[in-house]
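This report goes through the structure shown below, element by element.

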Amino acid sequence: MLWIAGAGGVGREALDTAFAAGVPVAGFLDDRAVGLTVRGLPVLAPAELPPGSPYLIGIADPAVRERLAALLDGRGGRPATLVHPRALIAPETELGPGCLVMGGAYVSSSVRLGAHSQVHYNATVGHDTVLGDRVTVYPGGNVSGSVLLEDDTTVGSNAVVLQGRKIGRGAFVGAAAVVTRDVPAGTTVIGSPARPLVRDA
């Protein structure tokens, strides 16, 4: 039975996806909620994952996903990929271990999703796009064709990334932003057209 790491919002949405897909869930793994019951399921500490069990990380933060994957793999866990039955995955698309694709998502032809990536509900990923590890496309995000989203990048809700762009490692595309040019690693961009966020000193 599947264990979901994270009992917060994304974790509960992952549970909804599992229920819709007919995947039985044993419980949640979350240090902040150990001993509680969430949606009728027990919550254990991540270090208590039964060895050899399948797991899925239902947490948005890519750094936390990376840390948890290392911990759970070290316990002999097996990262599971979970796809909602109302998501559309086109031919010649590769889903890495631990991917989560929610209801209403559309992943087009010849796309590659890296390990522990997430495509949230009603998001779209265009043809020949590559998502690195731990990439997140939030609800309504629209990633056009032939885009490269490097490891640990995030595309915010209703943001648009135009054809052929590259989003550098750890970059964050703000909600409703329109990316018309490449985004350097570690940069947060907002607006239309998207520009780097300037923080007050």
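## Helix H1

In H1, the buried residues (buried: under 20% relative accessible area with a 1.4 Å probe, protein chains only) are Val-10, Gly-11, Ala-14, Leu-15, Thr-17 and Ala-18. Viewed down the axis of H1, these buried residues fall within an arc of 160°, so they line one face of the helix; the arc is that of the directions from the helix axis to the C-beta atoms. An α-helix has 3.6 residues a turn, so residues three or four places apart point the same way.

H1 covers residues 9-21, and its 13 residues should span 18 Å at 1.5 Å a residue, which agrees with end C-alpha atoms 18 Å apart. The expected span is 1.5 Å times one less than the number of residues. Just after H1, Gly-22 has a positive phi of about 75°.

## Model and conventions

This is a predicted model, in which local features need pLDDT of at least 70 and side-chain atom pairs count only at pLDDT 80 or more, while totals for chains, interfaces and linings use all residues. Residues are numbered from 1 along each chain as its sequence is written, and side-chain values use heavy atoms, with hydrogens and water left out.

Helices (H or I, at least four residues) and strands (E, at least two) are DSSP runs, numbered from the N terminus.

## Helix H2

H2 (residues 62-74) has 13 residues and reaches 18 Å from its first C-alpha to its last, close to the 18 Å expected at 1.5 Å a residue. Its buried residues are Pro-62, Arg-65, Leu-68, Ala-69 and Leu-72. They cover an arc of only 120° around the axis, which puts them on the same side of H2. The face turned away from that side carries Ala-63, Ala-70 and Gly-74, which are exposed (over 50% relative accessible area; partly exposed lies in between).

The buried residues of H2 pack against strands S1 (2-5), S2 (25-29), S5 (54-57), S13 (118-119) and S16 (136-137), where contact means heavy atoms within 4.5 Å. At the start of H2, a side-chain oxygen of Asp-61 comes to within 2.8 Å of the backbone nitrogen of Ala-63. After H2 comes Gly-76, with a positive phi near 85°.

## Nonpolar cores

A nonpolar core is a set of buried Ala, Val, Leu, Ile, Met, Phe, Trp, Tyr and Cys residues joined through side-chain atoms within 4.5 Å. The largest has 27 residues, of which Leu-113, Val-119, Leu-131, Leu-149, Ile-167 and Val-179 touch the most other members. Apart from it lies another core, of 18 residues, including Leu-2, Ile-4, Ala-7 and Leu-56.

Beyond its neighbours within four places in sequence, Val-119 contacts Leu-100, Val-101, Met-102, Ala-105, Leu-113, Val-125, Leu-131 and Val-137.

## Single residues

His-116 sits in the loop between strand S12 (112-113) and S13. His-116 is buried, at a relative accessible area of 7%. Not counting residues up to four places away in sequence, His-116 touches residues including Tyr-55, Arg-65, Ala-69 and Arg-134.

Arg-86, in the loop between strand S7 (82-83) and strand S8 (88-89), is exposed, with a relative accessible area of 65%. Leaving aside neighbours within four places in sequence, Arg-86 contacts Gly-103, Gly-104 and Ala-105. Leu-197 follows strand S25 (195-196) and is partly exposed at 33% relative accessibility. Not counting residues up to four places away in sequence, Leu-197 touches Thr-188, Val-189 and Ile-190.

Notes
Polar contact = N/O pair within 3.5 Å; in protein donor to acceptor, adjacent residues only side chain to side chain.
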